Amino acid sequence: MTLFMPNKMSSIVCPYRGECAGCSHLERSPQDEANFKIEFLKSALEKLGILNSDITYIRAPEQGFRNRIDLQVRGRNCEENKEVSRQRIGLYSAPDLAGSKNREVINIESCLMLEPGLDHLLKQIQKLDFPIKKGSLRLRSFAGTNGIWLDFSNEDIKFLLAEARNQKSKESLLSQLLEMGIVEVGQRRKRLTQDFKLVDSQLEFWSETFLPANRLLDNFSPMPLLSTIAGFSQPGSSSNFLLIKESLRLTLKTLEEMEKTQEGPPHKKASWVEFGAGNGNLTFPFAKVFSEDQFLALEYDELSLEGLERVQENSLFKNIMFQSGNFQKNHFVDLSHFDRIILNPPRSGIGDFLKPLTTSPHGPAPRWIIYVSCYLESFIKDLSNLKEGGFQLSALSIVDQFPHTDHFETVAILRR
Ligand SMILES: C[S@@+](CC[C@H](N)C(=O)[O-])C[C@H]1O[C@@H](n2cnc3c(N)ncnc32)[C@H](O)[C@@H]1O
């Protein structure tokens with residue numbers, strides 16, 4: 001078991017400790033938390049009969065690393081608010097001593113896990129009055145620009161738009177939010193204009209990926225990525241960097257091992273297929289390292305793919321093709337055309353994407369998979385199916401993108 005721990009032990013003094021469900025491991029030292037997460041993962045794999053003695057653990061910074069946060073809003077018109085005048089913007093409360101999850105939202109004025117710019121935005125937001133019932137709010141801060149996504153009911157949105165259009169003063173909620181940053185509204189991610197109209201979604205730079213200069217992985221350059229505010233991105237740049245670097249490190253290590261044992265395709269140009277490419281966060285670094293190879297990026301969200309396409313158009317990358325669709329029910333991609341697979345699915349996992357491989361254990365290519373997962377339950381289920389298809393775990397890391405919380409990201413290499 002390898003541990004890459006920060007040099008200094010951090011002591012987080014959070015005013016919401018014990019009250020907020022977000023950071024349930026604040027009582028543990030970073031070392032204890034690392035051991036806990038490693039053991040948790042190990043025991044889950046042992047139950048499945050997949051043993052892996054060596055789990056690398058890499059930890060994101062102790063605090064100040066998030067540049068996006070999703071919050072619950074309980075406005076003053078919310079029936080849950082017994083004292084009618086008290087609104088709450090924050091996270092769900094921790095389970096009580098009996099373990100029951102009573103889903104109450106606790107008000108969070110400031111969060112130590114946020115980058116300073118995002119924490120400043122949260123403090124500004126907390127000064128506003130939300131005359132709505134309930135909903136959720138995403139806040140982003142990237143390169144000096146703030147983003148605010150309001151995921152409220154149609155009824156609440158209509159009310160807010162009417163309030164803003166009727167008021168001559170600048171006191172409506174929407175006009176105050178527009179003073180703070182770019183505002184997106186609803187599941188359809190409409191952009192709010194300065195004259196309170198909702199127009200089509202627009203892509204902005206809200207996150208960044210990191211491109212290695214070479215295969216030594218000792219020098220990376222950031223590259224901004226386009227998305228909507230509501231679109232997917234990893235939660236913070238510094239933790240994302242660790243995830244990208246570890247994914248590339250395990251890839252290079254295992255492919256070199258395969259080449260040494262002459263298992264791999266030695267000098268032929270390889271074809272890669274990626275499930276859950278998003279806006280290219282992993283696609284671009286992989287396409288940079290393996291610049292002779294061809295990549296097919298698969299993604300459900302068309303706006304994310306549009307972001308990937310536009311960044312590619314303005315860059316030197318010529319080796320990435322893409323396709324949109326629901327690939328959990330994959331019937332459109334012939335996997336036998338590919339040598340290598342990258343999986344980075346949503347919480348629900350890969351679904352039937354690899355069914356043709358898992359039902360034919362001795363089938364042809366591909367024989368190498370990297371699986372980057374943020375959700376242990378679906379990861380274990382997918383791993384179990386891959387085991388049926390003859391795949392074995394050959395390297396495994398935890399990239400703890402979410403220190404102090406129950407969550408962690410796993411990077412696994414599977415081979416057959
Ligand atoms: C964990 S995110 C990873 C995105 C990207 N690789 C990154 O690192 O930012 C999972 C991605 O899978 C996409 N997705 C969800 N359901 C999908 C499906 N059925 N088929 C293909 N992609 C899907 C999501 O839209 C999201 O972009």
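Two strands pair if DSSP finds at least two bridges between them. Strands are DSSP runs (E, at least two residues) and helices are H or I runs of at least four, both numbered from the N terminus. Residues are numbered from 1 along each chain as its sequence is written. The model is predicted: local features need pLDDT of at least 70, side-chain atom pairs count only at pLDDT 80 or more, and totals for chains, interfaces and linings use all residues.

An open sheet of eight strands runs β5-β4-β3-β6-β7-β8-β9-β10, with mixed pairing. β5 (105-107) and β10 (198-199) stand at the edges with a single partner strand each, so one side of each lacks a neighbour in the sheet. Within the sheet, β7 (residues 145-152) and β8 (residues 182-185) run parallel, joined by four bridges. W149 has E184 in β8 as its bridge partner. Helix α4 (residues 173-180) packs on the sheet and touches β7, β8 and β9 (190-192). Contact requires C-beta atoms, placed from the backbone, within 7 Å.

Strand β2 (residues 55-59) pairs with β18 (residues 392-400) in the parallel sense over five bridges. R59 has D400 in β18 as its bridge partner. Four of the five β2 residues are buried, so the strand is largely enclosed by the rest of the structure. A buried residue has 20 or more other C-beta atoms within 10 Å of its own, with C-beta atoms placed from the backbone.

I370 touches S247, L250, T251, I342, L343, V411 and I413, residues up to four places away in sequence not being counted.

Mean pLDDT, the predictor's confidence in each residue from 0 to 100, is 91 for the protein, and 90% of its residues reach 70 or more.

Terms used: Contact = placed C-beta atoms within 7 Å. Buried ≥ 20, exposed ≤ 12 C-beta atoms within 10 Å, placed from the backbone. Axes fitted to C-alpha atoms, helices over the stretch in contact; angles between N-to-C directions.
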